Amino acid sequence: MRTEQEEIRLMKGNEAIAEAAIRCGCDGYFGYPITPQSEIMETLMDLRPWESTGMVVLQAESETASINMVYGAAGCGKKAMTSSSSPGMSLMQEGLSYIACAELPCVVVNVMRGGPGLGTIQPSQADYYQSVKGGGHGDYKLITLAPASVQEMADFTMLAFELAFKYRNPALILADGIIGQMMEKVVLPPYQARMTEEEIRRKYPWATLGKLRGQKQNIITSLCLLPEEMEAVNLHLQAKYRQVEQNEVRYETLHCDDAEYLIVAFGSTARVCQKAVETAREQGIKVGLLRPITLYPYPSEAIARIAGRGRGVLTVEMSAGQMLDDVRLAVNGAVPVEFFGRLGGIVPAPDEVFEALKTKLIKENV
């Protein structure tokens, strides 16, 4: 039932994304099932939004097909999205590179699982490099949001569309199997109406909806055969990314005002680390936590500022250490930076993080 007010529900993270997509006026979802994100498409199919809002929900024949359907819908100025998990995201990289170069807005959700290869269906954070460094060919960036709760899965769906259209750039929600599958209370936003084609024409003059009388036909492409044209496109994109980096950095801190040691973690791992920080504080060890909300743009200045007042940094990830590189770049040798991670879908426990903090950092400073 449609409502103009907020609603409170108990639901999975994947279900929250589906609900939020409908409520924010999404025009089309094109996807392909893969664990642990399949509930996004399943929930959309159950909710049947084509009957209430006109939203298109389509299971494509592959991940490659789905991202190219998003490409076409985005070119028309529509709110288009897809979702997948790690191996499926690899198949989308070519299409994402095309979309980024064509400067089209869209939302992509990656609920990460363990790898490399076919891997496991258990949670992981090993897609960090692919997500924030440009996983396809060429010089491009995806605005990347890292939710740490089911509520943020809903909130970041709205935010991702907002940022995607603000900068005409793909936005990625980088979650993991824990956040996708866990259930929490969620406050769902009220419904927003989908934009009409007339509204799209007025608001997004770049959209290719067919030319009107006296209007030049828009052409959406990422092809530049002349090197000087390709260079000009790249310089324009890099200038846009600098603007994103200046305006859209988001992060959250806990007990960082007096922290002698800093833990940096994102997503579900940050929730684990929060308990480790509490344990350390109970034992008189001044530890703080910084959780990047935007993985691109990355909160490098905040990490440098907080770390510079302390004695060391511990980066915690469900990977072999990928965000670790960005933390080390941010700290720039001011203090030691150590790493603790679990692989293959194993979630680190708070006591493991606390023990790593003591053995890798505190012991060296005693």
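# Salt bridges and a domain contact

User: How many salt bridges does the rule count here?

Analyst: The count comes to 20 salt bridges, where a salt bridge is a side-chain nitrogen of Lys or Arg within 4 Å of a carboxyl oxygen of Asp or Glu. This is a predicted model, so local features need pLDDT of at least 70 and side-chain atom pairs count only at pLDDT 80 or more, while totals for chains, interfaces and linings use all residues. Residues are numbered from 1 along each chain as its sequence is written, and side-chain values use heavy atoms, with hydrogens and water left out.

User: OK, what does Asp 27 pair with?

Analyst: Arg 194, through a side-chain salt bridge at 2.6 Å, N to O. The pair links distant parts of the chain, 167 residues apart: Asp 27 is in the loop between helix H1 (13-23) and strand E2 (28-31), and Arg 194 is in the loop between strand E8 (183-188) and helix H10 (197-203). Helices (H or I, at least four residues) and strands (E, at least two) are DSSP runs, numbered from the N terminus.

User: Is Asp 27 buried or exposed?

Analyst: Asp 27 is buried, at 8% relative accessible area, whereas Arg 194 counts as partly exposed at 28%. Buried means under 20% relative accessible area, exposed over 50%, and partly exposed in between (1.4 Å probe, protein chains only).

User: And where do Glu 245 and Arg 242 lie?

Analyst: Both lie in helix H11 (residues 227-247), 3 residues apart, about one turn of the helix. Glu 245 is partly exposed at 28%, and Arg 242 is partly exposed at 39%.

User: Which residues are linked in a network of salt bridges?

Analyst: Glu 7, Arg 9, Glu 19 and Arg 23.

User: Switching topic. What domains does the chain have?

Analyst: The assignment gives domain 1 (7-198) and domain 2 (252-365); such bounds come from an automatic or database domain assignment. Their centres, taken over C-alpha atoms, are 28 Å apart. Domain 1 puts 29 residues into the contact and domain 2 puts in 23, with contact meaning heavy atoms within 4.5 Å.

User: How much area do they bury between them?

Analyst: About 2,100 Å², 55% of it on carbon and sulfur atoms. Buried area is the accessible area (1.4 Å probe) that two parts lose on being put together, summed over both. On the domain 1 side, Gln 125, Tyr 128 and Tyr 129 lose the most area to domain 2, together 33% of what that side buries.

User: How many salt bridges are there across that interface?

Analyst: The rule finds 3 between domain 1 and domain 2. Elsewhere in the list of pairs, Arg 291 and Glu 152 meet in a salt bridge at 2.8 Å, N to O.

User: Last one: where is Leu 44?

Analyst: Leu 44 is in helix H2 (residues 38-47). Leu 44 is buried, with a relative accessible area of 0%. Leaving aside neighbours within four places in sequence, Leu 44 is in contact with Ala 18, Ile 22, Tyr 29, Pro 49, Trp 50, Met 55 and Val 57.

User: What else in H2 is buried?

Analyst: Along with Leu 44, the buried residues are Ser 38, Glu 39, Ile 40, Met 41 and Thr 43. Just after H2, Arg 48 takes a positive phi of about 50°.
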